[in-house]
Amino acid sequence: MTRQVFQNIKTREVAAASLLGALSVSWEIIPGPPFDIPFPISPPRISFDLTGIPMMISLLAYGTIPGAYTSLIGCSIIFLRGNVPGGIFKLVAELATLLGFVLLKKSIVAKSVLAITSRVVIMTVANYLLLPFFYGIPESTVVVYLVPIAIFNVIQALINIIPAYLIYLRISKPKKTGEPLLS
């Protein structure tokens, strides 16, 4: 079955997902605003970034598998830099957002609400379980961090979804000949 899923992906989709993944990687590498803004009310190491925008564009334009592929590429630089815990948290957060988005066949608002909810719920569980494991943070401290981290995840999901959707709408509008840009 897995082979059949990957056989349905077109070369153009793989190429676009790869390019969007490379864009995400480049935005991860560039330090400071607007590419990296520390979140002020949570533990250190958490910052807003724009890397999820290309991931969402890939999902919207090409589908679930290319969106996940773009996320893997975009998060790979974190692993390559030696920050395995950070890479795991980032990858889980981005895939949770994509998962919530693809589960509904409804309006963009309903999809966005589910994507945000999915990210917050999955990341709350992941943070509760993995922060003590990776960083040795006591459980009582982790519980205190969960609400600020949830707020961060809501905002970060909105940063990913809104610009990506606006860009997707712009690039998917039909040309004068009547063909969409992303057919």
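Analyst: A helix here is a DSSP run of H or I, at least four residues long, numbered from the N terminus. The model is predicted.

User: Which helix holds Ile159?
Analyst: Ile159 sits in helix 7, residues 139–171.

User: Why is Ile159 called partly exposed?
Analyst: Its relative accessible area is 23%. Buried means under 20% and exposed over 50%. Ile159 lies in between, so partly exposed is the label.

User: What does Ile159 touch, beyond residues up to four places away in sequence?
Analyst: Phe48, Asp49, Leu50 and Ile53. Leu50 is 109 residues from Ile159 along the chain, yet their C-alpha atoms are separated by 7.1 Å.

User: What makes helix 4 roughly antiparallel to helix 5?
Analyst: The axes of helix 4 (residues 64–80) and helix 5 cross at roughly 165° and come within 9 Å. Angles over 145 degrees count as roughly antiparallel, so the pair qualifies. The crossing of helix 4 past helix 5 is right-handed.

User: Which residues meet there?
Analyst: Helix 4 brings residues including Leu72, Cys75 and Phe79; helix 5 brings Leu91, Leu95 and Leu98, among others. The contact divides into 11 nonpolar, five polar and two charged residues.

User: Which residues have the most contacts inside the largest nonpolar core?
Analyst: Met56, Phe101, Ile161 and Ala164, in a core of 17 residues. Helix 3 gives the largest share, five residues. Ile161 is in contact with Met56 and Phe101, among others. Another core, of 13 residues, lies apart and includes Phe48 and Leu146.

Methods:
Residues are numbered from 1 along each chain as its sequence is written. This is a predicted model: local features need pLDDT of at least 70, side-chain atom pairs count only at pLDDT 80 or more; totals for chains, interfaces and linings use all residues. Side-chain values use heavy atoms; hydrogens and water are left out. Helices (H or I, at least four residues) and strands (E, at least two) are DSSP runs, numbered from the N terminus. Buried means under 20% relative accessible area, exposed over 50%, partly exposed in between (1.4 Å probe, protein chains only). Contact means heavy atoms within 4.5 Å. A nonpolar core is a set of buried Ala, Val, Leu, Ile, Met, Phe, Trp, Tyr and Cys residues joined through side-chain atoms within 4.5 Å. Axes are lines fitted to C-alpha atoms, for helices over the stretch in contact, and angles run from 0 to 180 degrees between N-to-C directions. Angles under 35 degrees count as roughly parallel, over 145 as roughly antiparallel, 65 to 115 as roughly perpendicular and the rest as oblique. A crossing is left-handed if the near helix is turned anticlockwise from the far one by less than a right angle, and right-handed if clockwise. Ala, Val, Leu, Ile, Met, Phe, Trp, Tyr, Cys and Pro count as nonpolar, Asp, Glu, Lys and Arg as charged, and the others, Gly among them, as polar.
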